[in-house]
Amino acid sequence: MDPQYDVFLSYNSKDRPSVEHVAGKLGEYGIRVWFDVDEIMPGTSVLRNIDQAMRSSRSVAVFISDFSLGPWQTPEVEAAIQSQLRHGIRVIPVFLPSISEEVRLALPSFLLNERYIDFSRGLDNDNEFYNLRWGITGVKPERKKSVDSTVDESDQDTFQPSLADEAIGDLVEILKSQNVTFFLGPGASFGSTPSPAQASDIARDLLTELKIIQADYRELLPPVDVAGLYYGIRSGDRILEKKVVGRTAQGSKVFPQTHDLLAKLLKLLSTRPPRRTGSGSPQLVVTTNLDLMAERALLRAGLSFTRIVQYRSGQRIDVSEYRQVQLIGDQTIQLANQLGDLQQARMDNFDEIDHLIANCGRDAMAADRAGRGDTSGVVKFSNLTQPILYKFLGSQDVEGSCVISTLHHFEFARNVIQFKALPEELTSTIRNSTILFLGLWFMDPDFRLTYFTLLRDALQMENDRRYAVQLPPKRFAQDAYRRMEWGIWDKIKEAGIRQMSITAIEEPCDEFLRRLYERAMIELRLKP
């Protein structure tokens, strides 16, 4: 009988987003992929499913990173080697971008002896995908002919530095003496399993409950702020916030690799020796997301930090510090609550970590206690624990803070200007630092609001060191918003450069941060 699958994917669960990306691209070529997330039915035996799938596969791709071989992966690889010896099934080692030379050298000889696929330069390496397809199918694919007939085919595989490589080099050079301001948007969690709720998912939920669309509607949608406006008119702001916060909390029970890698990078950078030229700009992370994924990541990294939550009224900002954060082994987070009592949470328990976030932040200040309308000069970053996480459009756990509907957007923009609600050090830091946007889409309502209230002055200053890491819209086939951008994506990128001097880098955020971390560690000579 012919094999049911062309390839069985063996991987460490920590590498799932990267493997999911590869699986999706192989599927586009018509390759029949066995990927456990898609194939194992809940309630059935995992071991039996894996055994049957390997017997029914033409080849096995073994994905390897610095996480090395996982507990399920090792017996899979051993079984694959036995099948290779007995039945000639191909075993293909696939090196992911995060793999280090130390891990390569420590691999078993039976893997090193095979011709491998090397994605160390990024997952979108066409030449490596060509070789992977060849290894899986046993048939050499046709190479795409170059449009430029003058190109020597022998030079087609020569590596040329990509835009991402240039940006990483630029950022590492900056990090030698300064901080980079990171902006986290909804797209930063792309590739996580399960996938957190995106703006289009929330808009669909609101319009379905209003009975404007049916539950199975999958066509184009109005932006979430417009859907929120309709919902708020019917039910009021408090119920709207409760509905969106509930959907956000339900959909964010995940630890995205991008957030964990950013926290890991920030912890690495905190070990830099003091700069000779003063303290420099504060280390700032700005997020437009309402969820708690950034806070969880910082705690999971064992990093003390300050959180600032901006209220949509424009008259209040809450500042809380999370100090003396420690990791006990690799399973437990510990920090002191407001009374000084030590509190703990398991690393993999969302409820326990969220309890720490809600109860252990030391209430450094609520800006409206100053009894004046101008809150711009109340916060002094130099007195706060860094890094500073600034939740610009509110937080799911702070009632009355979330900016959701179109009406909220207009009121928020008016209020932050009228009441001078933005801390002066915040705007100054953004103006004077290099900015890296992660998964923040130029055309989405949250970016437009952020641009006109927080970023406009900064982006009008001449600075060619602004990067936005985001995948092209065609990679988000299920997102109604992204489908609207497919045909004009090149124009959107051109407008980003022309109007805001932001260079778009088409790479998964987690892969970009992983490579940035590794290069910063080497060139800055830092130890994790």
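A residue is called buried when its relative accessible area is under 20%, exposed when that area is over 50%, and partly exposed in between, as judged with a 1.4 Å probe on protein chains only. His409 is buried, because its relative accessible area is 12%. This model is predicted, so that local features need pLDDT of at least 70 and side-chain atom pairs count only at pLDDT 80 or more, while totals for chains, interfaces and linings use all residues. Residues are numbered from 1 along each chain as its sequence is written, and side-chain values use heavy atoms, with hydrogens and water left out.

His409 belongs to helix H15, residues 406–418; helices here are DSSP runs of H or I with at least four residues, numbered from the N terminus. With residues up to four places away in sequence set aside, His409 touches Asp225, Val403, Ile404, Pro445 and Leu449, where contact means heavy atoms within 4.5 Å.

On a 1 Å grid over the protein atoms alone, a cavity is a set of points where a 1.4 Å probe fits but cannot get out, whereas a pocket is an open set with protein on both sides within 12 Å along at least five of seven lines; a lining residue has an atom within 4 Å of a point. Grid points are joined across faces, edges and corners, and a volume is the space filled by probe spheres set on the points. There are 4 cavities of 30 Å³ or more.

The largest cavity holds about 460 Å³ of space. It is lined by 25 residues, of which Pro186, Ala199, Ile202, Thr288 and Leu290 are the closest to its centre. Helices H9 (199–209), H10 (224–235), H11 (237–251) and H17 (445–460) each supply at least two lining residues, and H11 gives the largest share, 3 residues. The lining comprises 13 nonpolar, 8 polar and 4 charged residues; Ala, Val, Leu, Ile, Met, Phe, Trp, Tyr, Cys and Pro count as nonpolar, Asp, Glu, Lys and Arg as charged, and the others, Gly among them, as polar.

The second largest cavity has a volume of about 80 Å³. Its lining has 14 residues, with Gly187, Phe190, Leu471, Pro508 and Cys509 closest to the centre.

The largest pocket has a volume of about 1,500 Å³. Among its 45 lining residues, Lys14, Phe67, Asp260, Leu261 and Lys264 are the closest to its centre. The largest share of this lining, 7 residues, comes from H20. By class, the pocket lining has 17 nonpolar, 10 polar and 18 charged residues.
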